[in-house]
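Dear colleague,

Please find the structure below, handed over for your records.

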Amino acid sequence: MPMVEQIEILLVEDNPNDAEMTLRALRRNNLVNRVHWVKDGAAALDLLFSNEKKPKLVLLDLKMPKIDGIEVLRRLKADESTRALPVVVMTSSNEERDVVETYQLGVNSYIVKPVGFEAFLETVAKIGLYWVLTNRVPQ
Amino acid sequence: MNSDTAGEEAQTDAAAAGSRPIARLVYSPAAAYVLIASLLVGLGVLAVRYHATLDSAATEAVTARRLALAQLAATTFSERLDRAADLAVSLATRVRFAELVGARSWDSAAAILRAVPEEFPYVERLFLADRAGNLMADVPRLEGVRGRNFSEREWYRGVTRDWKTTVSPVYRRTARPQRDVIAVATPVPAPGTGETAGILVMQIALDVFFGWAHEVDLPPSVVLRVVDSKGQTAYASGAPVREEPLRAFVQAKHGWGVVIEQPAADAFAARDAQLALVKLAYGLMAAFLLTAAWLGLRIARSRSADLGRARASLERHGERLRILHEIDRAIVEQRSPEAIAAAVIQPLRELLGVPRAIVNRFYLETGEAEWIAAAGRRRLHVGPGVRFPVRLMGDVEALRRGEPQRIDVHALPPGPEREALLASDVRVYMAVPMIAAGELIGALSFGGATADFPPEQRAIAQEVATQLAIAISQARLHERVRRHAEELERRVAERTAELQDLYNHAPCGYHSVDADGLIVRMNDTWLAWLGYAREEVVGKMRHSDLMTPESAARFRDEAFPLFRRQGWLREVEFEYRRKDGSTFPATLNATSVLDAQGRFLASRSTVFDISERKRIEEELAALNKELESFTYSVSHDLRAPLRAIDGFGRIIEEDYGPRLDDEGRRLLAVVRSSSKQMGQLIDDLLDFSRLGRQDLSKQSVDMAALAREAAREAGIEPDLGALPAAHADPALLRQVWLNLLGNAAKYSGKRPDARIEVGGRQEDGQSVYWVRDNGVGFDMRYAGKLFGVFQRLHGADEFPGTGVGLAIVQRVVSRHGGRVWAEGRVGEGACFHFTLPKHADG
């Protein structure tokens, strides 16, 4: 496990295929070394609440075993220490109710994973570059 | 008494008186004188007593006839009054009518009576009054009488004395034309309580009501008068009798009476003439004394035979009166035609001294006659019997004119009737017409082997025939009236039962609530749903007592105040509680009943049990939820593997592409494009299913702006005409335009001169929009398939697409209440139309 200090993007994704494709997209933009991948919500919460140093971005899938993305988002936005953490939901769900619910919980962005690989690569690259390099977060 | 018989009796007297001079002329010894003197004294006493007997018998006969006539009229009249009173009572006690009066819906109650004056012509007018005697509604309706108080009227005083049906004396009524009428007033009992809710008054027109009196066959100078309870004359058949009258009075019902009167001089004219003849005879006898003396012994010998004849004549006379009296009694007792004929025919035959006498009834429409009663020397036949052609009674036209017919059996045409008559030894017979009220109803026939019908016989037969005709027609009239009344009662009972059944077994609950809020009626259906017996609810419970506490509170605080304000409730849902404590949902509809002043009187409610509907609604909601979660998981779970197929295909292409040959790369491309297409299919299908579930959020939509925006998004520039505004969901309509314009662009894109037009118009209360292109078009044979899901008319290699776009268009338009259709020709383009209901504001 890499040192927490090095983590800039926390990828929470239970599907290894999607995770691999996401990592591949980030790799093309030389962001892959700063990514840490966990396979479920419980692991993500453990990691985030046990470390002082927070990542610059959480890429969160919604449908996951154990603790799902909505619950992770709720806990992050409910806690003083994690509320400012930018969370981008990346999901296959195009359901309006998911969009509404996550925005009510304070999500920073909601992205539907494109089915086509090119579009997927492009989208992931945009997100990584924007939130890690362009966006500024409170220190 | 007729003059022939009077003359005969006078001669007998003269013969008796003539025996004294005979004794003196024959120079008989003293014993003969004593014998003759004592005979003379005896005969003198006999003559005086005979005179007295004759006088009292004739006087009694006259007065008895008058009394019988008065009794007949009084009975007929009483029966008419009773019929009128019965009619009033049967009208007043109809359930629906009494309910309306009880609810003070005077006009609706009066509407029920509308047909009465037509059905019963003697009822000229009806009205309804309240307990205080104020007129509330009338039939036919007259201006200016409503609200007037009639408590001074006799009928009001009569009916309020003990709340019984009353018949008033004659009075001049207020309504125009002002004329004399009788009023029959009866209280209308309120259903349930039985208390009097109002008074039904029938005004009876005197002229129609006394129509029957014109048909009473009165001897000349006899006047029939009907007097009311105040002694006023309600009807008189002629001018009042001024001279000293002979009068017969018979009390009728309801304090009325019938008077038969005739100047005494007229009434006793026949008797007086008879007695005058008797006296004249005494004079004549005195004159004959001397000349008749020499005939003394011979006459003396014949005296006893003459006396015998006189007695026989007197007996005949008495029998004749008895028969007539019997007929009168039959009329009064309202016997059947058969009973009247049976009582009379045998004594009549004996009186006429003929072997056979028959009362025949005529059926002129079929040309037949029938025996009612026939009497022979040994046998009496009664009841409907032998039928035979009416021509056997002689000339029917002559009978109609009242002329008796004498028929010779030998002159009849040969036939079974003629043979039968001859076989029973009838050679000649007489048919005397029976005529009542101008109608020939039958004939009295008699005869036998002899051809001799003396005038006296004819006179008796004619008199009896006339009386029989009156009696039989009265009996028939009475029978008709009775049958009519029975029929009326039966119909009222039937109708009442029908309404009761309809009320009780309706497929919904009914109840009525009075002004105090208590339930006063409830039907069987509703009671069965609630599990109560009628007596547990009616008069004891309030509507809200049947509800759960929450519903009862909502009823009291919200529904009831609204009901009092607007007068009705529609489809309001409440939770009701059965007797066993279980509950069920039901919808309530109610209307209020107000009086003329707009005060709340009562309410009527219908209740529908909706537990089944509720259960289905809940099932449906559960199914929808299931479907929703299914589509949710489809959207998520199917997409992820597709993305992996495409993504890893691409990775193979990137990382191992150089090591594959051309065929390998082509196959890989097929895998990737197929996965993309499947992704598109899933997305379209989810869009389509979402359209069915999503609520419409309608607002005013500028269709021209929406179409322009969609065209821009689709990257085309159509010819845009004017489009009517719509009231619709803009997001969904945007999808419609996008799909139609996208299709138009797709199918015309291969033409260099591609042209797309958009237009709209208003017609028949709806807006029509269309998108036309000059592309490849389609075969109209497949027009029906265009709007089905996944239905395509072109291959994917020709034109890409999933076949969902037009299905979405149709679903959106039909959810808005419109329709879609398309026209096209192969190679010439297509035009897609859709309609929307016309925008309410424009």
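B:Lys579 is partly exposed, its relative accessible area being 46%. Please note that the model is predicted. B:Lys579 forms a salt bridge with B:Glu536, with 2.8 Å between the closest N and O atoms. This pair links distant parts of the chain, 43 residues apart: B:Glu536 lies in helix α18 (residues 534-537) of chain B, and B:Lys579 in the loop between β20 (568-577) and β21 (583-594) of chain B. B:Glu536 is also partly exposed, at 28% relative accessibility.

A salt bridge between chains was found as well. A:Arg24 and B:Asp655 form a salt bridge whose closest N and O atoms are 2.7 Å apart. The pair joins two chains, because A:Arg24 belongs to helix α1 (residues 16-28) of chain A and B:Asp655 to helix α21 (residues 639-656) of chain B. A:Arg24 is buried, with a relative accessible area of 12%, whereas B:Asp655 is partly exposed at 38%. Both residues take part in a network of salt bridges that also includes A:Arg28, A:Glu118 and B:Arg650. Over all chains, the count of salt bridges comes to 67.

Turning to the nonpolar cores, the largest has 58 residues, and B:Met202, B:Phe210 and B:Trp256 have the most contacts inside it. Helix α3 (residues 30-92) of chain B gives the most to this core, with 13 residues. A second, separate core has 42 residues, among them B:Leu738, B:Val758, B:Leu806 and B:Ala807.

Notes
Residues are numbered from 1 along each chain as its sequence is written. Chains are lettered from A and ligands numbered from 1 in the order in which they are written. This is a predicted model: local features need pLDDT of at least 70, side-chain atom pairs count only at pLDDT 80 or more; totals for chains, interfaces and linings use all residues. Side-chain values use heavy atoms; hydrogens and water are left out. A nonpolar core is a set of buried Ala, Val, Leu, Ile, Met, Phe, Trp, Tyr and Cys residues joined through side-chain atoms within 4.5 Å. Buried means under 20% relative accessible area, exposed over 50%, partly exposed in between (1.4 Å probe, protein chains only). Helices (H or I, at least four residues) and strands (E, at least two) are DSSP runs, numbered from the N terminus. A salt bridge is a side-chain nitrogen of Lys or Arg within 4 Å of a carboxyl oxygen of Asp or Glu.
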